[in-house]
Amino acid sequence: HDFYVQLLFDCGIIGLLAFSFLIASIFLSPFFTGRSAARGDPIIAALFQGMLVVLIGNLFGTTLVTIPVNVFFWCYAGLLLFTVHLYTKPKRSN
């Protein structure tokens, strides 16, 4: 089994849906911003691809269950959201 089946077993449908909603909101955050230039930014694309690699890797194992990988994943998600916010923040004109 994989991480998602383990999450379903441990937390039920509600827990799996909450995790899926949180991950979907992280992945869709650049599309809900006002600036379309941030969508094609290579730094944001690289960060999203890194998170996608972790999520796809957990289709074949349960590495997110371990504490060090879990902490890394959520810190990475926070860094990703901060970077998206930083790149999509409107510029101030003086």
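T83 is buried, with a relative accessible area of 9%; buried means under 20% relative accessible area, exposed means over 50%, and partly exposed lies in between, computed with a 1.4 Å probe and protein chains only. The residue has its place in helix α3. Leaving aside residues up to four places away in sequence, T83 touches I43, I44 and L47, where contact means heavy atoms within 4.5 Å.

Before I go on, please note that this is a predicted model, in which local features need pLDDT of at least 70 and side-chain atom pairs count only at pLDDT 80 or more, while totals for chains, interfaces and linings use all residues. Residues are numbered from 1 along each chain as its sequence is written, and side-chain values use heavy atoms, with hydrogens and water left out.

Let me turn to the chain as a whole. The protein chain has three helices and zero strands, and its pattern along the sequence reads α-α-α. Helices (H or I, at least four residues) and strands (E, at least two) are DSSP runs, numbered from the N terminus. Of the 94 residues in the protein chain, 30% are buried. Among contacts between residues at least 6 apart in sequence, 70% join residues at least 24 apart. The accessible surface comes to about 6,400 Å², and 73% of that surface belongs to carbon and sulfur atoms; such areas come from the Shrake-Rupley method with a 1.4 Å probe, and for residues only the protein chains shown count as cover.

How do α1 and α3 pack? Their angle is about 35 degrees, and their axes are 10 Å apart. The axes are lines fitted to C-alpha atoms, for helices over the stretch in contact, and angles run from 0 to 180 degrees between N-to-C directions. F19, L22, I23 and I26 of α1 make the contact with F73, W74, A77, L80 and L81 of α3. By class, this contact has nine nonpolar residues, no polar and no charged ones. Here Ala, Val, Leu, Ile, Met, Phe, Trp, Tyr, Cys and Pro count as nonpolar, Asp, Glu, Lys and Arg as charged, and the others, Gly among them, as polar.

A77 of helix α3 deserves a separate word. Is A77 buried or exposed? A77 is buried, with a relative accessible area of 3%. Its C-alpha atom is separated by 7.5 Å from that of I26, 51 residues apart along the chain. Not counting residues up to four places away in sequence, A77 touches I26 and M51.

S29 lies in the loop between α1 and α2. S29 is buried, with a relative accessible area of 16%, and touches F48, L81 and V84, not counting residues up to four places away in sequence.

Finally, the largest pocket. About 160 Å³ of space lies in the largest pocket. A pocket is an open set of points on a 1 Å grid over the protein atoms alone, where a 1.4 Å probe fits, with protein on both sides within 12 Å along at least five of seven lines; lining residues have an atom within 4 Å of a point. The lining consists of F3, Q6, L7, D10, F19, L64, V65, N70, F73 and W74. The elements that give two or more residues to this lining are α1 (3-28) and α3 (67-88), and the largest share, five residues, comes from α1. By class, the lining has seven nonpolar residues, two polar and one charged.

Key. Points joined across faces, edges and corners; volume = space filled by probe spheres on them.
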